[in-house]
Amino acid sequence: MEQLKTIGRELAMGSQGGFGQSKEFLDLVKSIGEARSKAEEDRIVLSEIDILKRRLLEPDVPKRKMKEYIIRLVYIEMLGHDASFGYIHAVKMTHDDNLLLKRTGYLAVTLFLNEDHDLIILIVNTIQKDLRSDNYLVVCAALNAICRLINEETIPAVLPQVVELLNHQKEAVRKKAIMALHRFHRKSPSSVSHLISNFRKRLCDNDPGVMGATLCPLFDLISEDVNSYKDLVSSFVSILKQVTERRLPKSYDYHSMPAPFIQIKLLKILALLGSGDKNASEIMSMVLGDLFRKCDSSTNIGNAILYECIRCISCILPNPKLLEAAADAISKFLKSDSHNLKYMGIDGLGRLIKISPDIAEQHQLAVIDCLEDPDDTLKRKTFELLYKMTKSSNVEVIVDRMIDYMISINDNHYKTEIASRCVELAEQFAPSNQWFIQIMNKVFEHAGDLVNIKVAHNLMRLIAEGFGEDDDDADSKLRLSAVESYLQLISEPKLPSLFLQVISWVLGEYGTADGKYSASYISGKLCDVADAYSSDETVKGYAVSALMKIYAFEIASGRKVDVLPECQSLIEELLASHSTDLQQRAYELQALLALDARAVETIIPLDASCEDIEVDKELSFLNGYIQQAIESGSQPYISERERLGMFETTDYHSQDHHEVPSHALRFEAYELPKPSVPPQASTELVPVPEPSYYSESHQPISTSLVSERESSEIKLRLDGVKQKWGRPSYQSTTSASSTTQQAPNGTTSHSDAGVGSSSSKPRSSYEPKKPEIDPEKQRLAASLFGGSSSSRTDKKSSSSGHKSAKGTVNKPATIPKEIPTPVQPPPDLLDLGEPTATTISTMDPFKELEGLMDSSSQDGGSTDVMGLYSDTAPVATTTSVDSLLSELSDSSKGNSHTYQSQTSKGPNTKEALEKDALVRQMGVNPTSQNPTLFKDLLG
Amino acid sequence: MIKAVMMMNTQGKPRLAKFYDYMPVEKQQELIRGVFSVLSSRPENVSNFLEIDSLFGVDSRLVYKHYATLYFVLVFDGSENELAMLDLIQVLVETLDKCFSNVCELDIVFNYSKMHAVLDEIVFGGQVLETSSAEVMKAVEEISKLEAASNSISLVPKSVSGWRGR
């Protein structure tokens with residue numbers, strides 16, 4: 001028997017072009033498989049391309065050969081080489097009448113061409129013809145190609161035929177026609193907008209496969225416009241109900257769940273329809289409750305449905321009983337050994353936490369386990385959850401964790417994301433300014449090149465402006481701590497450029513402000529930075545400007561400035577720099593060193609980075625000069641208009657002064673001479689209120705920051721922070737009340753003691769009671785979740801008890817799948833089925849569906865969906881009488897069981913060896929020792 | 001929507017790759033390499049899910065399953081359920097297993113067009129079309145039968161039929 005089967009299979013494969021392909025192709029596959037390096041593989045493929053190029057040009061290539069060449073082309077393109085020289089042959093093959101060749105042609109063009117390719121025009125006609133074919137397989141092949149090859153312009157060419165096919169007698173064709181229409185809708189919604197009612201009609205198709213396929217476009221349509229589909233809520237609910245009641249043909253069962261993929265799609269749709277809609281939420285609540293009871297949580301697919309239910313419940317209006325059921329399902333997920341389920345559990349928790357924030361608390365240890373799991377995916381998901389549940393009481397722990405993780409990974413993409421999250425959380429919830437600066441330092445140090453430059457500007461502004469409104473003492477303390485931390489960090493090798501810019505700026509502004517550090521010490525450090533990062537001009541620019549400020553402050557305070565030799569050489573080097581910006585800065589610095597204290601103080605005032613600058617548009621500071629000139633005999637200035645005698649009453653004066661119309665050379669009017677002001681000592685160095693070059697010095701940066709304050713997205717939310725920052729009296733009455741309001745976990749379920757401790761001293765209040773749980777972990781849990789200690793330990797003990805119980809029940813249940821594992825509904829949880837059923841039973845949901853279908857579909861006749869399904873069920877079983885299939889298909893209960901028994905029987909390996917031998921006979925040596933089978937399939 | 005289906009062996013050689021939005025060949029290769037480098041660095045006994053925004057853009061998830069020498073990979077967006085996608089891989093593998101009775105890597109390499117036929121019955125234009133493995137089998141068998149009918153007379157190469165006669 002086994003032998004017969006093998007022979008049958010060989011025959012079948014031969015005729016399908018399996019092993020029937022020529023030795024050449026097998027050799028190609030084999031040699032590529034054995035290639036030791038990418039270069040060797042490339043060489044083989046290139047020679048293959050040469051061969052194919054030659055062969056394809058030969059006249060009268062037999063069709064069979066041609067088909068193989070096309071497959072070879074597809075193969076080499078999959079390996080990443082250009083096969084465009086053969087595209088035209090693939091296009092030609094679609095014109096062939098032979099089904100096999102046509103399908104091969106379509107396969108190749110769908111893989112080769114994009115919808116805007118020039119060759120598509122040659123295919124459209126063929127597609128049109130094939131859509132009209134009597135052979136439904138030809139139609140299917142054409143529909144397949146449509147999905148990939150038709151663009152917006154060619155949709156009208158095939159649209160009428162596709163619409164016609166929606167009523168084709170074969171369900172396979174109807175299914176694909178719906179999908180093609182859906183594809184059109186995605187590509188160009190306007191082209192099919194008048195056909196959308198077809199999707200509604202097809203929802204009532206008597207084939208469940210077609211109905212299931214219709215859910216895909218409907219899902220898209222509903223997510224675009226929920227309100228036009230509210231009328232379908234009850235029909236979706238009744239379909240879901242029928243599916244769960246196993247009214248569909250047996251063939252749709254999968255691992256003993258009835259049509260799970262359809263259930264999932266329906267739940268997704270219901271989630272969309274039910275969000276924010278009380279009525280719809282109520283309609284679906286009963287079936288959701290039923291699902292929780294019916295789902296077999298021992299299989300993967302059962303859990304998929306459970307997860308989808310949780311998602312749906314988190315979207316619709318909250319229903320306490322359903323929430324309870326969802327929370328229960330989540331706790332099962334989290335306690336599972338499977339990482340996949342834990343992942344789903346964390347995800348579900350993240351969704352539910354928005355609705356009922358206290359749900360996280362009972363799972364705190366599970367969450368922490370996930371956080372410490374070696375699985376990166378799980379870890380990231382958990383960080384996402386933590387990010388969602390951050391509040392001022394746990395921000396320190398969470399951000400610390402995030403930063404530790406950020407340091408440990410190499411993936412720049414995720415590093416950027418987590419860095420920006422850290423910054424966001426720190427800005428939003430920072431308990432103290434010292435902590436904030438510390439966190440920012442860490443973020444900059446480890447991910448400096450990845451964070452947005454605005455974050456750096458924000459930090460500089462924060463240090464400059466301080467936190468408290470009039471608490472200068474705190475501000476200077478903060479600055480000192482920033483300076484100290486930067487001086488420590490500055491000698492670390494390879495700091496990110498952005499961080500160095502911040503460091504240089506802060507050291508320049510505040511390095512000597514406190515008097516703790518001498519100017520020469522700071523300037524030495526700054527020189528070191530400029531030397532160490534000599535290739536980075538921005539950093540050098542910042543460093544030089546910082547030097548300038550340091551010296552300016554020194555001069556202004558009347559001390560004598562000793563320029564360190566290394567600074568001197570740095571300046572000289574920069575004077576000859578290729579960068580004009582650096583040159584400019586160096587010259588300015590040199591000029592500044594030669595000035596006296598008063599002038600310097602005017603140029604660079606102390607700690608004035610945040611002062612607003614006033615632009616003197618009238619240039620009034622020149623008045624004295626003008627007065628002098630007039631007194632010594634010069635003519636007063638007359639504007640051009642006055643000179644030309646054109647006294648127009650235009651609003652010329654209100655225009656901006658430097659806006660010169662392009663057609664003529666004009667000069668703005670100066671102010672009329674006023675009584676003279678005594679001229680200043682060095683007029684040429686008086687700060688010109690339009691500093692054009694150095695973008696970093698005081699005035700420009702403050703203006704840029706001012707403008708950023710309005711425009712930037714990443715900015716400090718100072719409004720909520722002011723109350724907390726800068727006030728050491730954190731637990732004062734006002735601040736304490738505000739924090740407790742923010743902590744949502746201390747409301748109903750816990751005593752007031754929990755509220756008090758949650759914000760003030762969560763760590764110390766906790767006393768470990770369970771010795772088997774790592775106290776470290778418990779402390780972490782306490783600081784993360786901040787609940788009261790007594791309730792936490794209670795929950796922990798109950799959870800651990802649950803764990804052991806689950807271990808005994810679940811382990812044996814997972815392996816033999818045909819044993820129907822009874823779903824054990826927790827007795828107290830899901831009593832919502834019965835009472836609600838009695839209330840709703842007065843109206844028949846199927847009657848409702850009937851009415852709906854009558855109104856939406858004119859073809860009538862088909863009314864009761866489940867009746868139709870039960871009709872089709874016997875048909876489905878009778879048609880599948882293929883010899884190979886029938887052997888396998890009777891394992892309808894548990895497919896997995898059949899495979900397992902096969903693997904254990906033994907002919908499995910024998911078959912593999914036979915297959916191996918077969919290949920060897922063909923002159924092909926398999927690449928690996930033995931074509932390893934899917935031993936672990938389903939096992 | 002499903003963005004891509006890939007099969008690759010444990011050495012990173014692609015065995016089948018299908019992208020449901022057009023990608024130039026170079027981009028495809030880049031993605032396949034990227035996916036493989038992520039997969040090969042995953043330890044045993046961890047979850048089968050990955051978030052790979054870095055390769056496929058915002059809100060991209062990936063589900064993979066490792067069978068003997070092959071990785072089966074599905075890439076999709078937020079409108080699909082991860083666990084369900086994992087089972088879709090299972091459906092695909094079950095179907096292939098029925099097709100080839102005990103499928104192995106060689107089957108996939110040598111039956112390239114049939115692989116695509118099976119896949120096209122399950123995923124169509126990026127949407128899940130059919131999830132009943134029996135239905136898929138029925139469709140594929142019908143195609144094969146018709147192909148064989150139109151094919152057997154003219155196309156079976158002499159050398160192979162002679163060899164099979166033994």
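**A lysine in a loop**

I began with A:Lys354, which counts as exposed because its relative accessibility is 63%; buried means under 20% relative accessible area, exposed over 50%, and partly exposed in between (1.4 Å probe, protein chains only). A:Lys354 sits in the loop between α18 (339-352) and α19 (364-371) of chain A. Helices here are DSSP runs (H or I, at least four residues), as are strands (E, at least two), numbered from the N terminus. I also looked up A:Ser314: it is 40 residues from A:Lys354 in sequence and 8.3 Å away in space, C-alpha to C-alpha.

**Ground rules**

I noted that this is a predicted model, where local features need pLDDT of at least 70, side-chain atom pairs count only at pLDDT 80 or more, and totals for chains, interfaces and linings use all residues. Residues are numbered from 1 along each chain as its sequence is written, chains are lettered from A and ligands numbered from 1 in the order in which they are written, and side-chain values use heavy atoms, leaving out hydrogens and water.

**A histidine facing two chains**

Next I checked A:His339 in helix α18 of chain A. At 16% relative accessibility, A:His339 counts as buried. Leaving aside residues up to four places away in sequence, A:His339 touches A:Asp373, A:Asp375 and A:Leu378, plus B:Asn45, B:Val46 and B:Ser47; contact means heavy atoms within 4.5 Å.

**Salt bridges**

How many salt bridges are there over all chains? The count comes to 42, taking a salt bridge as a side-chain nitrogen of Lys or Arg within 4 Å of a carboxyl oxygen of Asp or Glu.

I picked out B:Glu80 and A:Lys265, whose side chains meet in a salt bridge at 3.9 Å, N to O. This pair crosses between chains, from the loop between β5 (70-77) and α3 (82-100) of chain B to helix α14 (residues 260-274) of chain A. I found both B:Glu80 and A:Lys265 buried.

Another pair is A:Arg421 with A:Glu417, at 3.7 Å, N to O. They are separated by about one helical turn, because they are 4 residues apart in helix α22 (residues 412-429) of chain A. A:Arg421 is buried at 16% relative accessibility, while A:Glu417 is partly exposed at 27%.

I finished with a network of salt bridges that links A:Asp347, A:Arg351, A:Lys381, A:Glu384 and B:Glu51.
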